[in-house]
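Subject: Structure for your review

Dear colleague,

Please find below the structure that I am handing over to you, together with its sequence. My findings come after it.

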Amino acid sequence: MHEDTAYPLYNRPWFSVWLDAGGNITMKGILAPAIKPFTSDLLDLFENEKPIGTIDANGMIVADGEQLIFSTWMPPIPSAAFDRLTRSQFNARLGKNTPDQVTISVTEECPNRCIHCALPDTDNRESLSPDAVKDVIDQVIGMGTTMIIFDGGEPMVYPKLAEVVRHVDPDKAIATVFTSGTGLTREIAESLRGAGLFAVNVSLDSPNPAEHDRIRGRSGVFDDALAAIKNSLAAGLLVDIYVVLSPMNIGDLKGFYSLAVETGVHELSFYEIVPTGRWINHESDVLSEEDRETLDSFVKWAADDGRVRVFSIPHAMRTTGCFAGRRWLHITPQGDVLPCACIPKSYGNIFEEKVRDIWKRIRNDPAYNVRTARSCLMRNPEFRRDLRL
């Protein structure tokens with residue numbers, strides 16, 4: 001990957017933004033001085049952040065590819081899907097928000113019982129039909145969505161996963177999947193890549209096998225996760241290790257990093273535990289200010305080390321605010337539409353209304369205003385009271 005090769009984040013005659021493989025941003029055009037302050041917080045997400053690498057026409061990581069992969073959470077640069085993402089970000093500046101990222105929980109079925117699972121326990125073992133999932137995909141892509149995440153439950157037990165992945169037009173959005181790793185065989189990994197899957201997010205709660213299995217509620221799930229990583233990489237998929245940080249594992253940051261290096265994944269992502277789902281009565285069991293300082297120090301250390309790209313969602317939210325109801329949307333296995341997977345409030349159902357109409361209802365709720373949603377709303381006592389939690 002040649003660090004002096006620049007890739008266009010935005011390219012118009014009057015204004016363009018270029019990102020090189022070293023994370024350096026260059027602005028060009030006669031309107032650059034006027035537009036730079038307008039876009040500074042968005043560009044902060046790219047500035048001095050080292051991308052994953054570049055890919056060739058077959059989507060394989062190569063030294064000097066045609067497209068830049070900045071993150072497993074973003075379409076390749078340049079691409080038609082990334083152009084759509086860029087337009088949605090500029091439109092958001094003008095007050096027209098798009099659900100850039102839509103998560104579809106295709107099934108409640110899951111062999112694990114994670115102590116912090118955000119999916120409420122209904123014991124109905126419901127799943128969305130492939131036709132329902134495809135209809136949602138068509139609707140949200142029509143609204144401007146550029147990333148569709150399939151999760152559950154455990155999406156690997158959903159028989160038609162490759163079919164619904166294939167329905168995502170790669171010129172408009174990337175398709176990814178969240179998994180514990182259970183059931184992600186080499187055969188399934190190859191099937192998903194053939195269907196157009198962009199990346200796999202494998203969840204890990206501890207670099208220690210016994211502790212991970214305890215949190216996940218099943219013996220052997222750590223080994224499943226490592227096998228899933230191996231199978232996905234062998235199939236040519238981009239792989240991200242996804243960690244939900246809590247007081248239980250904040251001391252394991254370098255352990256997670258070492259595991260990421262050892263397994264050869266492309267990215268290591270961190271979110272922070274939210275008092276919701278099975279963790280809804282644990283309002284005090286979240287990251288402390290001291291824990292966040294620990295995360296800050298680690299992120300700086302990892303950037304200097306540079307062996308694996310680290311994406312800290314809590315850090316991104318400091319710039320952008322909470323994404324729920326502003327850039328995120330979540331569909332449950334019952335068809336309920338939530339601002340995100342962590343907020344247990346339905347604003348409508350896909351079997352009764354169009355997603356666009358439900359999105360408008362969410363956007364009319366002042367709770368999801370950029371000025372009031374600077375951090376996760378589920379950690380806001382007043383918001384929780386309004387939900388009667």
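This is a predicted model: local features need pLDDT of at least 70, side-chain atom pairs count only at pLDDT 80 or more; totals for chains, interfaces and linings use all residues.

Residues are numbered from 1 along each chain as its sequence is written, and side-chain values use heavy atoms, with hydrogens and water left out.

Aromatic rings

Rings of Phe, Tyr and Trp (for Trp, the six-membered ring) are taken as paired if their centres lie within 6.5 Å; planes under 30 degrees apart count as stacked, over 60 as edge-to-face and the rest as tilted. Helices (H or I, at least four residues) and strands (E, at least two) are DSSP runs, numbered from the N terminus.

Y257 has a relative accessibility of 1% and so counts as buried; F298 is buried as well, with a relative accessible area of 4%. Here buried means under 20% relative accessible area, exposed over 50%, and partly exposed in between (1.4 Å probe, protein chains only).

A tilted pair is formed by F323 and W328, with 5.0 Å centre to centre and 50° between the planes. F323 counts as buried at 10% relative accessibility, and W328 counts as buried at 13%.

Y257 and F298 also belong to one aromatic cluster with F256, F270 and W301. Over the face of W301 lies K254, at 4.4 Å from the ring centre. R309 lies over the face of F70, at 4.4 Å from the ring centre. For such an arrangement, NZ of Lys or CZ of Arg must be within 6 Å of the ring centre and within 35 degrees of the ring normal.

Nonpolar cores

A nonpolar core is a set of buried Ala, Val, Leu, Ile, Met, Phe, Trp, Tyr and Cys residues joined through side-chain atoms within 4.5 Å. The largest one has 101 residues, and those with the most contacts inside it are I104, F150, L268 and F298. Strand β11 (residues 238–245) supplies the largest share of this core, 7 residues. Apart from this core lies another, of 13 residues, among them Y7, Y10, L68 and F82.

Beyond residues up to four places away in sequence, F298 touches L253, K254, Y257, L268, F270 and V310; contact means heavy atoms within 4.5 Å.

Cysteines

The structure holds 0 disulfides, a disulfide being a pair of cysteine sulfur atoms within 2.5 Å. For C114, the closest cysteine sulfur is that of C110, at 5.9 Å, which is too far for a bond. C114 counts as buried at 9% relative accessibility. C342 is likewise in no disulfide, the nearest cysteine sulfur being that of C340, 4.5 Å away. C342 is buried, with a relative accessible area of 11%.

Helix α11

In helix α11 (residues 355–363), the buried residues are V355, I358, W359 and I362. Seen down the helix axis, these residues fall within an arc of 105°, so they line one face of α11; the arc is that of the directions from the helix axis to the C-beta atoms. An α-helix has 3.6 residues a turn, so residues three or four places apart point the same way. The cover over the buried residues of α11 includes α3 (130–143), β14 (328–331) and β15 (337–338).

E352 sits in the loop between β15 and α11 and counts as exposed, at 65% relative accessibility.

H266 is placed in the loop between α8 and β12 (267–272) and is buried, with a relative accessible area of 17%. Leaving aside neighbours within four places in sequence, H266 is in contact with residues including I52, I61, L233 and R309.

T276 lies in the loop between β12 and α9 and is buried, with a relative accessible area of 2%. Beyond neighbours within four places in sequence, T276 is in contact with C117, A118, C342, P344 and M378.

With kind regards
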